[in-house]
Amino acid sequence: MGEPTVGTTPPRVMTIAGTDSGGGAGVAADLRALAACGVHGCVAVTAVTVQNSLGVSGFHALPPETVAAQIETVATDIGLDAAKTGMLASTPIIQAIVGACDGVGIGGDGPIPFVVDPVAASMHGDPLLAEDALEAYRGLLFPRATLITPNLDEVRLLAGVDVHDREAQYDAAKVMHGFGSKYVLVKGGHLREDTEWCVDLLYDGHTFTELSGPRFDTGNTHGGGDNMASAAASGLARGMSVPDAVAFAKRYIVEAVRHSYPLGAGHGPVSPLWTVRPWWEEPTP
Ligand code: PLP
């Protein structure tokens with residue numbers, strides 16, 4: 001275990017996502033997770049949300065061309081080793097992202113791995129995506145994704161499949177994979193029949209892999225999906241295969257949920273702080 005290398009550029013990952021004024025999800029969560037996973041985070045903001053631990057009271061989406069320009073200006077100078085999406089807000093924003101990704105080689109036939117986390121609503125049920133944009137996810141984004149990471153609510157919205165047991169989780173993985181991504185990870189956090197374990201299911205069209213971790217009795221899971229997708233993108237940026245990157249992300253998120261904390265009167269966030277060495281307790285050199 002060495003010290004971080006001084007003066008060496010770490011892998012570079014872009015999050016294409018919305019902000020969360022409460023700091024638990026969205027861009028804030030992504031940048032923290034990316035740092036915790038040892039990569040440099042870049043940002044293309046899609047929307048500014050107004051939210052606290054009790055929910056999202058509104059959002060302001062950015063012009064699609066501003067979203068595309070952020071991607072292009074970073075990719076052509078700083079360069080990217082992976083990208084991931086969070087809240088995308090609308091069909092025109094998704095269309096602009098796809099155009100920019102085509103131009104700079106993110107996903108599809110391009111060299112830059114692309115993780116698509118199909119964020120549709122907050123854990124309180126507040127919408128973060130226009131209803132007509134589900135079709136843009138299915139038709140435009142999934143076919144160019146290296147990995148998609150839906151939770152069970154997103155599976156219901158996108159594939160019309162209600163998952164209540166493991167067998168249905170397998171069926172859902174097949175349906176979601178049919179939209180054209182290389183891999184799908186159907187996350188099992190919302191599967192209530194699993195009381196002790198949280199089982200995520202990875203599928204590449206041939207092989208299923210179950211990733212199992214402990215289930216923690218907590219409501220402080222705000223930003224969990226964002227953290228997991230960012231960790232998976234970090235693994236890919238480090239050159240891992242998709243199964244290895246997903247295992248890396250699972251290990252990270254289990255600890256992030258274990259270290260989650262209360263914040264405000266509602267749902268607190270999962271925490272990347274377990275990765276931070278308490279340097280302030282060490283003597284000043
Ligand atoms: N707000 C923003 C900007 C997000 O990107 C997300 C998730 O991606 C959320 C809120 C919802 O987070 P959660 O479902 O963990 O509450």
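The following paragraphs lead the reader through selected features of a predicted model.

Local features are taken where pLDDT is at least 70 and side-chain atom pairs where pLDDT is 80 or more, while totals for chains, interfaces and linings use all residues. Residues are numbered from 1 along each chain as its sequence is written, and side-chain values use heavy atoms, with hydrogens and water left out.

According to UniProt, in an unreviewed entry, residues 20-270 carry the feature "domain: Pyridoxamine kinase/Phosphomethylpyrimidine kinase"; such positions are given in the numbering used here, feature names are shortened, and annotations may be inferred rather than shown by experiment. The span of residues 20-270 is 39% helix and 19% strand, and its end C-alpha atoms lie 14 Å apart. Helices (H or I, at least four residues) and strands (E, at least two) are DSSP runs, numbered from the N terminus.

Helix α1 (residues 26-36) contains Asp-30. With a relative accessibility of 0%, Asp-30 counts as buried. Here, buried means under 20% relative accessible area, exposed over 50%, and partly exposed in between, with a 1.4 Å probe and protein chains only. The side chain of Asp-30 makes a polar contact with that of Lys-84, at 3.0 Å. A polar contact is a pair of N or O atoms within 3.5 Å; within protein, one must be able to donate a hydrogen and the other to accept it, and residues adjacent in sequence count only if both atoms are side-chain atoms.

The structure also holds six aromatic pairs. Rings of Phe, Tyr and Trp (its six-membered ring) pair if their centres lie within 6.5 Å; planes under 30 degrees apart count as stacked, over 60 as edge-to-face and the rest as tilted. One of the pairs joins Tyr-170 and Phe-208; it is tilted, with 4.6 Å centre to centre and 45 degrees between the planes. Because Tyr-170 lies in helix α6 (residues 166-177) and Phe-208 in strand β9 (residues 208-214), this pair ties together parts that are 38 residues apart in sequence. Tyr-170 is partly exposed at 24% relative accessibility, and Phe-208 is partly exposed at 27%.

Tyr-252 and Trp-274 form a tilted aromatic pair, with 5.9 Å centre to centre and 40 degrees between the planes. Tyr-252 belongs to helix α8 (residues 242-258) and Trp-274 to the segment after α8, so the pair ties together parts that are 22 residues apart in sequence. Tyr-252 is buried at 4% relative accessibility, whereas Trp-274 is partly exposed at 32%.
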